[in-house]
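Subject: Structure handover

Hello,

Here is the structure I said I would pass on. My notes on the ligand site and on the charged pairs follow it.

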Amino acid sequence: MRKTVGVMSGKGGVGKSTAAVNLAVHLSRKGWNTGLLDIDIHGPSIPAMLALSSSRALQDSRGIHPLLYRSMKVMSIGFLLPDKDDALIWRGPLKMKAIEQMVNHTVWGDLDMLVIDAPPGTGDEALSVCQLINDIIGMIIVTTPQNISEIDVRKSITFCRALDIPVLGLLNNMASFACPSCGTSTELFPSGAAKNISNDMQVPILGSLPFDPDIAGSSDQGIPFVEQNIPSANLMKDIMNTIEEKIV
Ligand code: ADP
């Protein structure tokens, strides 16, 4: 039976999709039959992160067929829009219908693992996703270490607990920056938000990633950075192995 893991964040732009895509690719490269479902309905960035922006999903009487990135199956709201530059301007009920279509009508076949890139925040859309996908065995919460994120991350944890979804841990993204000239590592936001949350709410920190221009550059080229020969890829693989141990 497939294991479904969600990736969520308190707000946008913290690296949630980057984490989801690289987790799914990592699991797939380790031999698990993996699917990646991008339900970040207003900002589906996964097609671009896998160089699949121009692809559209085939729909037939069996349902909506995922696209392939190597052997990994990928579905995104971005594959259902007429053009990659189109924005989703649907109102509530239509949005919920689109989420329901992707969740219930994607033809995944047999999967070992399904990674969900959930909408940011704890609003209606995130709630619909978590209620429709009722087999989520754990949630990874991506955060950056500013104080301002702390409030949102606490809300995300409370949200998961209210829905009985176990929180696997926090991924502390953009935690530091290594100077390319001298190598000195500087904490970008010295607030230690992840540590505070971890202590107060009894949630483990899965690991930290630096702010790394190679991560951003790799995403922009449509290559998941875990496939690159860069130090951050090794850090990410350690984090992903920790997650894998928790879900297998
Ligand atoms: P979200 O899904 O939370 O909105 P994304 O995963 O789309 O965030 O990331 C936002 C931007 O930040 C992307 O351009 C991505 O490549 C970049 N990014 C994410 N994590 C890092 C990092 N650790 N270092 C540098 N850039 C990053």
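In this predicted model, a backbone N or O atom of G13 lies 2.7 Å from an oxygen atom of the ligand, a polar contact (a pair of N or O atoms within 3.5 Å). For V14, a backbone N or O atom is 3.0 Å from a ligand oxygen, and for G15 the distance is also 3.0 Å. On its own the ligand has 560 Å² of accessible area, of which the protein covers 83% (Shrake-Rupley method, 1.4 Å probe).

The shell around the ligand holds 17 residues (a heavy atom within 4 Å); G13, S17, T18, N173 and P210 come nearest. By type, seven are nonpolar, eight polar, Gly being counted here, and two charged. At least two shell residues come from each of α1 (16–29) and α7 (213–220), helices being DSSP runs of H or I with at least four residues.

As for charged pairs, the whole structure has ten salt bridges (a side-chain nitrogen of Lys or Arg within 4 Å of a carboxyl oxygen of Asp or Glu). One of them joins D135 and R2, at 3.0 Å from N to O. D135 sits in the loop between α4 (124–132) and β8 (136–143), while R2 is in the segment before β1 (3–9), 133 residues apart.

Residues are numbered from 1 along each chain as its sequence is written. Local features need pLDDT of at least 70 and side-chain atom pairs 80 or more, totals for chains, interfaces and linings use all residues, and side-chain values use heavy atoms, without hydrogens or water.

Regards

Definitions and conventions. Polar contact = N/O pair within 3.5 Å; in protein donor to acceptor, adjacent residues only side chain to side chain.
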